[in-house]
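Here are my notes on the aromatic contacts. Please read them with the structure open.

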Amino acid sequence: MVTQVQKPEERDDVSTFLLRQTSKDEKQKQLDEWLPITSSRNAKWWYSAFHNVTAMVGAGILSLPYAMSNLGWGPGVTIMILSWIITLYTLWQMVEMHEMVPGKRFDRYHELGQHAFGEKLGLYIVVPQQLICEIGVDIVYMVTGGKSLKKVHDLVCHNCKPIKQTYFIMIFASVHFVLAHLPNFNSISGISLAAAVMSLSYSIVAWVASIHKGVQPDVQYGYRAPNPSGTVFNFLNAVGDVAFAYAGHNVVLEIQASIPSTPEKPSKGPMALLLPVALIGYYTFGNHVEDNILISLEKPTWLVVAANLFVVVHVIGSYQLFAMPVFDMMETVLVKKLNFKPSRTLRFVTRNLYVAATMFVAICFPFFGGLLGFFGGFTFAPTSYFLPCIIWLILRKPKRFSISWVINWFCIILGLLIMTLAPIGGLRNIILNAKSYHFLS
């Protein structure tokens, strides 16, 4: 047997290739250690629980009594229970698919999409929806935080000079100009714990205070709108409100990426709190309920003030939770595509710009109910109701007309209907509110 002797120049080429590959892997490792999602994998399972409760039990539940007033008892209860079952199922799918490929973790929603649809198509399908969803949530939470602070001010200081809501949104945003610079999910675990406790607290306060207030003497349970067309549009907007309230899927994989072992199933119990808030709030106020149930409540004053402060603390944590994947995408593009050097300066500038942008949009469009309906239908329906089902069908390939196949297609069809119809009602609501709104008022 003749042994082929490798020429010196060939050995040099191989050595150069290995050095380049090692250098490339080292750079990727350094970048992963800098980026928010992959920088820390030593989170405890209870960090994941805090984050999931904060994400799932969102301020959107405060609009559910208002949604009920536009849906009515029968359709309202049916839609909420159906949404709860579907989103619970798709959440389970997301967690199951996180480590479905041995030795590989899908740390980001779009990575799972790329595995299912292909490298480019996966990005085009998932990233725009996820970005719009997370940015939309942060805008809504800017409005929510500002409204809750204003409610506290108005309840505590009756004789004080009225202060514009714009200033309260700016006060709320000022907190995020500081917190936005926390590097990753683990660093906001304490804030997330406080937010999770507060979200459970104000959910309970909302329906307990409604019971304490009792059914109003002039309560009516008919549809709010005075005409059929208004009723239809309000119904569509309400479906979007429900979709917004039953979500949290956009950050599930990113949260699971922070823990070192096989992902623990997220806490599902807190989602049960949505039903009492919606039903008791609607039962108490009927079709006169505000788009935020805590705005309808006035007494006991101390309890309503406490509940609104709970909301402020919760949306502070939730804002950061939904902003973290956006920060990760922005910093990945700047460093990988535009060749910026990973640095504190880069992080300082980009994150401050993001907070400023969401604050500005919230000041311009402070319409809580309309924003919920629009974003709930347009972005939460795809990412929470049917995109996980499509990915499941592609990757798991259940047998045609099997129970799994039928359930997934049912979710897909229902989700598509919500995505198509709900934004129409939300957009109309925003337009109607904008007619009577004075800019920066």
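1. A definition comes first. Rings of Phe, Tyr and Trp (its six-membered ring) count as a pair if their centres lie within 6.5 Å. This is a predicted model, and the structure holds 6 aromatic pairs.

2. Take W92 and W392. The ring centres are 5.2 Å apart and the planes meet at 45°, so this pair is tilted. The pair joins distant parts of the chain. W92 belongs to helix 4 (residues 73-97), W392 to helix 15 (residues 368-396), and 300 residues separate them.

3. Are the two partners buried or exposed? W92 has 28% relative accessibility, so W92 counts as partly exposed. W392 counts as buried because its relative accessibility is 9%; the cut-off for buried is under 20%.

4. Now Y319 and Y354. Their ring centres lie 6.4 Å apart, with the planes at 50°; this pair is therefore tilted. Here too, the link is between distant parts of the chain. Y319 is in helix 13 (residues 301-337) and Y354 in helix 14 (residues 344-364), 35 residues apart. Both tyrosines, Y319 and Y354, are buried.

5. Back to W392. Which residues form one aromatic cluster with W392? Y89 and W92 do. W392 also has a charged neighbour: R396 lies over the face of the W392 ring, 4.9 Å from the ring centre. When you inspect this site, view W92, W392 and Y89 as one cluster, with R396 over the face of W392.

How values were computed: Residues numbered from 1 in each chain as written. Predicted model: local features only at pLDDT ≥ 70, side-chain atom pairs only at ≥ 80, totals over all residues. Heavy atoms only, no water. Phe/Tyr/Trp six-rings, centres within 6.5 Å; stacked < 30°, edge-to-face > 60°. Helix = DSSP H or I, 4+ residues; strand = E, 2+ residues; numbered from the N terminus. Buried < 20%, exposed > 50% of the residue type's maximum accessible area, 1.4 Å probe, protein only. Lys NZ or Arg CZ within 6 Å of the ring centre and 35° of its normal.
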